[in-house]
Amino acid sequence: MTDHARHPAALASAAPSHFIGLMSGTSLDGVDGVLVDSTDGRVLAEAYLPFPNDLRETLMVLQAPSENELHREALAANALVRIYADCVRDLLDQAKLPASAIAAVGAHGQTIRHRPGEFDGIGYTRQLNAPALLAELTGIDVVADIRSRDVAAGGQGAPLVPAYHQAMFASAGETRVVCNLGGISNVTILPAAASGQPVSGFDCGPGNALLDGWAAWHLGKAYDDGGAWGASGRVSDALLAAMLAAPYFKQTPPKSTGRDLFHAKWLEAHLSAHPGVSPVDVQATLVALTAQCVADDVLRYAPDCRGFYACGGGTRNQALMQAIASRLPGMTVATTETLGVPPQQVEARAFAWLAERCLARQPGNLPSVTGAKGPRILGAIYPH
């Protein structure tokens, strides 16, 4: 490639081959963004923008019915998208690329309700977003509403990243598990390619959502830095057993969950039934809860797994990573960094990949994961 061909002006005049992925998950901490060159998969820029406290509090309130929620949701969506737009600008500045070099932004939005399969057999999933405003602010096509097509086809709409995990992390000779430790934990089971077995994946249960909420209440911080506080406590076996008795953990895949189930009031109900557990011991028990529900699912559904690779914010919680490793003897337990992708990039890269699939009119879901009736093209396109 000549030096001229590498210049941003030359890139802008050619068909755009770059995609941006934006992901804000159930941790409610902020937005991760990446700018990817789709020709070779290289990440040219990455950025993280935290949510301001007022937006985080509003998003938390919108997880449940509240007064005047339609109005509050619309205003929160606009505020969220302005942060998305700032993230896009940061990525473009880092990569020294114009907006015209980007084929599309894959913007997941902020999940505020996730109830697939309920009510009429289809249910719904709702990601707060304002993609038309994002297209207006950035001058780039936006792919959004990425989960609802799978739900309409009878699927869970989640997790959607297993298709990307398969493309990036599958091995010909061994079964691997990729685990996202976000607000909710989920796993992708990647059978050895030579086995011919389908990929599977599902939400295990709580990840950082309860851990971060409890730490915020008692430490006044957004999270337990490195998991040090939780590591200093002792697990309450009685409280852990009661929480693990939740019906969700016994459901068979496909299944997905969120803050609709694992929220502060759910935890408070268990604490009321088990009084006297100190705050630090509650944190230690929540670490054990996340580790146990992940490990149980790996051992149940991927007993031949040889490599367990984690991504997401929970990888920074050393106590959690150690708790998972202790429950998976004989397996390699590491982060996706070992496979060449930094753990904080995986989710955002997945939604850049899904945006690319949408523009190419290629399916983005895996029916073996979500339970949808078949492969579906995911997302709605908002031209700039």
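## Basis of the description

The model is predicted, so local features need pLDDT of at least 70 and side-chain atom pairs count only at pLDDT 80 or more, whereas totals for chains, interfaces and linings use all residues. Residues are numbered from 1 along each chain as its sequence is written, and side-chain values use heavy atoms, with hydrogens and water left out.

## Overall build

The secondary structure comes to 15 helices and 13 strands, where helices (H or I, at least four residues) and strands (E, at least two) are DSSP runs numbered from the N terminus. The protein is as compact as a globular protein of its length, because its radius of gyration is 20 Å, close to the 21 Å that the globule rule gives for 384 residues; the radius is taken over C-alpha atoms, and the rule is 2.2 Å times the number of residues to the power 0.38.

Along the principal axes, the C-alpha atoms fill a box of roughly 65 × 55 × 45 Å. Of the 384 residues, 52% count as buried, that is, under 20% relative accessible area, with exposed meaning over 50% and partly exposed in between (1.4 Å probe, protein chains only).

Six strands form an open sheet of mixed pairing, in the order β3-β2-β1-β4-β7-β13; two strands pair if DSSP finds at least two bridges between them. The edge strands, each pairing on one side only, are β3 (42-50) and β13 (380-382), and the twist averages 20° from one strand to the next. Within this sheet, β1 (residues 18-23) and β2 (residues 30-37) pair in the antiparallel sense over six bridges, and Ile-20 stands opposite Leu-35 in β2.

Helix α14 (residues 346-359) packs on the sheet, touching β1, β2, β3, β4, β7 and β13, and its direction makes about 130° with that of β1. Helix α5 (residues 131-138) lies across β1, β4 (102-107), β7 (142-144) and β13, running at about 160° to β7. Axes here are lines fitted to C-alpha atoms, for helices over the stretch in contact, and angles run from 0 to 180 degrees between N-to-C directions.

## The α4 and α5 contact

The axes of α4 (residues 69-95) and α5 come within 9 Å and cross at roughly 35°. Contact (heavy atoms within 4.5 Å) involves Asn-78, Val-81, Arg-82, Tyr-84, Ala-85, Val-88 and Arg-89 in α4, which meet Leu-133, Leu-134, Leu-137 and Thr-138 in α5. These residues divide into seven nonpolar, two polar and two charged, where Ala, Val, Leu, Ile, Met, Phe, Trp, Tyr, Cys and Pro count as nonpolar, Asp, Glu, Lys and Arg as charged, and the others, Gly among them, as polar.

Leu-181 is found in strand β8 (residues 176-181) and is buried, with a relative accessible area of 0%. Leaving aside neighbours within four places in sequence, the contacts of Leu-181 include Asn-208, Thr-290, Cys-311, Thr-315 and Ile-324. Leu-181 and Thr-315 are 134 residues apart in sequence and 6.8 Å apart in space, C-alpha to C-alpha.

Five bridges join β8 to β11, which run parallel, and Val-177 stands opposite Phe-308 in β11. Strand β11 (residues 307-311) is mostly covered, with five of its five residues buried: Gly-307, Tyr-309 and Cys-311 point one way, and Phe-308 and Ala-310 the other way. β11 also pairs in the parallel sense with β12 (residues 332-335), over four bridges, and Phe-308 stands opposite Val-333 in β12.
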